[in-house]
Amino acid sequence: MNSILQLLAKRPVLITIVVCVAMYFLAGFTTDRPFFNVYTMINLLQNNAMLGIVAVGMTCVILTGGIDLSVGSVIGWSTLICAFLIQTPKGQPSFFHGWNPFLAMATVVAIATACGLVVGIMVHYLEIPPFLITLAMLFLYRGWALVVTTNEISVTEPHVKALADGLFSVPDPLTKVRAGQDYIQVPVYIRTVALLTVLAIGSWLVRYTGFGRSLYAIGGSENSANLMGLPVARSKVVVYGVCSFCSALAGLALFTQKSAGAALNARGNELDAIAVTVIGGTLLSGGVGGIVNTFVGLITYAIISNAMSLHAFPTGVDRMDIGGLLLAFILLQKLLQMKRRA
Amino acid sequence: MTTSGPPASAPLPTPPSSGPPVLSYTQLKPSRSRQLPIYIWAVVALALLLVYNLIFSPSFYHIEMANGRLIGNPINVLHYGSKVMLIALGMTLVIATGGIDLSVGAIMAITGCVCGLLLCDKNLVTLQARTPSPLWLALAAGLGAAILAGLWNGTLIGYLKIQPIVATLILMISGRGLAIYLTGGQAPTLTLPAEVPARLHPIEQFLAIAKPTFFGIPNTILIVAVMSLLTILVVRRTALGMFFESIGNNSATCEVAGINTRFFVLLSYVFLGFCCGLAGIVDASMNTIGDPNQSGLDIELDAIVAVAIGGTSLVGGRFSLIGSLLGAIAMQTLNVTIQSSGIDPQWNFVVKAFVVIVICLLQSPKVRAKLAKFKKSA
């Protein structure tokens, strides 16, 4: 019994995994719809790809002991700016309209990353609390998007449509030999692919690179990291860039999902991202946690919200449930910390 | 004053002069520049806005009496700003202890919904008729719920030592869920049934909260004035304020010095809960609806910005209630100015962002040191 507790104290993510699996089976056995199949899982990933991608960036920032409140606004902003650049209002491409969709997406991601780096510089060199400066960015992105337009912009561009449907035309391999080649539609779960890629790169970055390890060191103790000669300044600046980069990517995921952009998209998403990170077992004081934890947290969160929507629970209960889960995990972490110290 | 600095800049507190690191008594004594109130930037911001209005839209200052109520932009600023002002009062104390509360909007929503449910004359889910509760019961229940929410936050943060952001995040997420659950997804609208004698109906009494009674001044302004006066008196005329500041400066030292830090942290959150309850009642009365989704949406950000403008240090340890009130008024003046000068209200967000960035820069010790050096060399 004691050894189990010690194991849990060392690896709190195990608890999340247990809860996650329990919720999965609970949700599956209590619903009369088909649940235990690969489509449910893919749907979970497809529908929560945006949240997952944001949570990866958020986890990196939280590992250093910082926080980024602007992620929800970045998502809303990037969907809107993307749609704004791609659409052609009167069928006339102009300087700000009718861009190539991929160029527009790259531009949006680049701007967000640059802004993130500026935030990082402000946090590190000017010693502004991250909570405040990212709060300012929250207003700035939201305001920027709202000033551009308060309406939703729908995009009918064929590439975006293809991304939205997840159907791509490829030459039919069976008819290859014939002269007139046929095309078939291949479904690609593009958001799931994006999510898994970001997760894989993120966990590699955090676990196996000097940059990632310096994040843990900074979160543990910034002074010690400095004394050890780690590139604290660089890591701290870059991590805010990474977070904004992830948020913009998440915005693109939402944009391709809806093939439309609106300034008020993903309002309050930063709190969901923080919740997912905390449920995964990453400590908000920094230094403990990781991307794998966040993935487990994401799946737990996704299963709970999905199970809630499958059952006819009274409205509002799902929010209370996620709050309750958050509380349970925080208390558990507290308990384990005390156990470890004792 | 040299001419080199920005025009409205007041002398910043300069760090002890360079030279041998010996602190003499004269250095410890606050210099003249230190005696400027810490809310100087709120005053400057408000003054700039008022001057702008004086030049570009003098009609801003026009107040008239119509149907027994005062009408005009200054009254609007105070009336619609009352919610943020109330919350900023409590938020100041919470931030002074080194905490933060993200759940204020959710607490407002809960209070509004509880009041609305008790005042409605039918059950929202089953649509069965019920006799509306008297006003005092609705108010007591609403404020009670808000105080309970504050107790919850305070217990988590003060006694269980959970980080304030996370602890209040829990209530922020689940609070609105609770409000939606209580109302069954319907927002209780507070409209008078046609056949009831209006004067005696509790809804009428409830709606009167946001209406003018006293020389045409809306009650909301009176509520804010009384609350502010009481709070400032209690906090600054007793040792309470000093306790809050010292907990924000160094909680461990306070504990050693014999201050029951846990209790005072709890107290600050409970007080904020009470303020949110008042704000929720004002909001429900103003909009004639107890809205679980919209009531107090994003108000936590406005309140934090108001507190920051008011000169309260956001890492705790130093606060000014007057500053927070002025900050809230300045923000609402900005809203009304933007509206009345025909600029798109969307610019509000952008301006607010720049205000926060400027405040951040001004509060940053690094920037202050640089500015001080720059001033000395000039």
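Helices here are DSSP runs of H or I with at least four residues, strands are runs of E with at least two, and both are numbered from the N terminus. On that basis chain B has 15 helices and 4 strands. What you see above is a predicted model, in which local features need pLDDT of at least 70 and side-chain atom pairs count only at pLDDT 80 or more, whereas totals for chains, interfaces and linings use all residues. Residues are numbered from 1 along each chain as its sequence is written, and chains are lettered from A and ligands numbered from 1 in the order in which they are written.

Let me begin with chain B as a whole. A residue is called buried if 20 or more other C-beta atoms lie within 10 Å of its own, exposed if 12 or fewer do, and partly exposed in between, with C-beta atoms placed from the backbone; by that count, 47% of the 378 residues of chain B are buried. Two residues are in contact if their C-beta atoms, again placed from the backbone, lie within 7 Å. Among the contacts in chain B with a separation of 6 or more, 77% join residues 24 or more positions apart.

Now to the domains, whose bounds come from an automatic or database domain assignment. For chain B, that assignment gives domain 1 as 73–343 and domain 2 as 347–378, and their C-alpha centres lie 30 Å apart. The contact between them takes 7 residues from domain 1 of chain B and 7 residues from domain 2 of chain B. On the domain 1 side, α12 (299–309) and α13 (321–340) of chain B each supply at least two residues. That side divides into 6 nonpolar residues, 1 polar and no charged, where Ala, Val, Leu, Ile, Met, Phe, Trp, Tyr, Cys and Pro count as nonpolar, Asp, Glu, Lys and Arg as charged, and the others, Gly among them, as polar.

Which elements does chain B turn towards chain A? In total, 37 residues of chain B are in contact with 37 residues of chain A, and the elements of chain B that give two or more residues to its side are α6 (164–183), α12, α14 (347–363) and α15 (365–377). The largest share, 12 residues, comes from α6(B), and the side of chain B that touches chain A divides into 26 nonpolar, 7 polar and 4 charged residues.

That leads to the nonpolar core, meaning a set of buried Ala, Val, Leu, Ile, Met, Phe, Trp, Tyr and Cys residues joined through C-beta atoms within 7 Å. The largest such core has 217 residues, and those with the most contacts inside it include Ile53(A), Leu326(A), Ala88(B) and Val356(B). Its largest share, 16 residues, comes from α11(A). Domain 1 and domain 2 of chain B both give residues to this core, so it lies between them. Looking at Ala88(B) in particular, and leaving aside its neighbours within four places in sequence, we find it in contact with residues including Ala303(B), Ala306(B), Leu325(B) and Ala328(B).

Finally, a word on backbone detail. Glu127(A), in the loop between α5 (101–125) and α6 (130–148) of chain A, has a positive phi of about 55° although it is not a glycine. With 13 C-beta neighbours inside 10 Å, Glu127(A) counts as partly exposed. Ser259(A) likewise is not a glycine and has a positive phi of about 45°, and it is found in the loop between α11 and β4 (260–261) of chain A.
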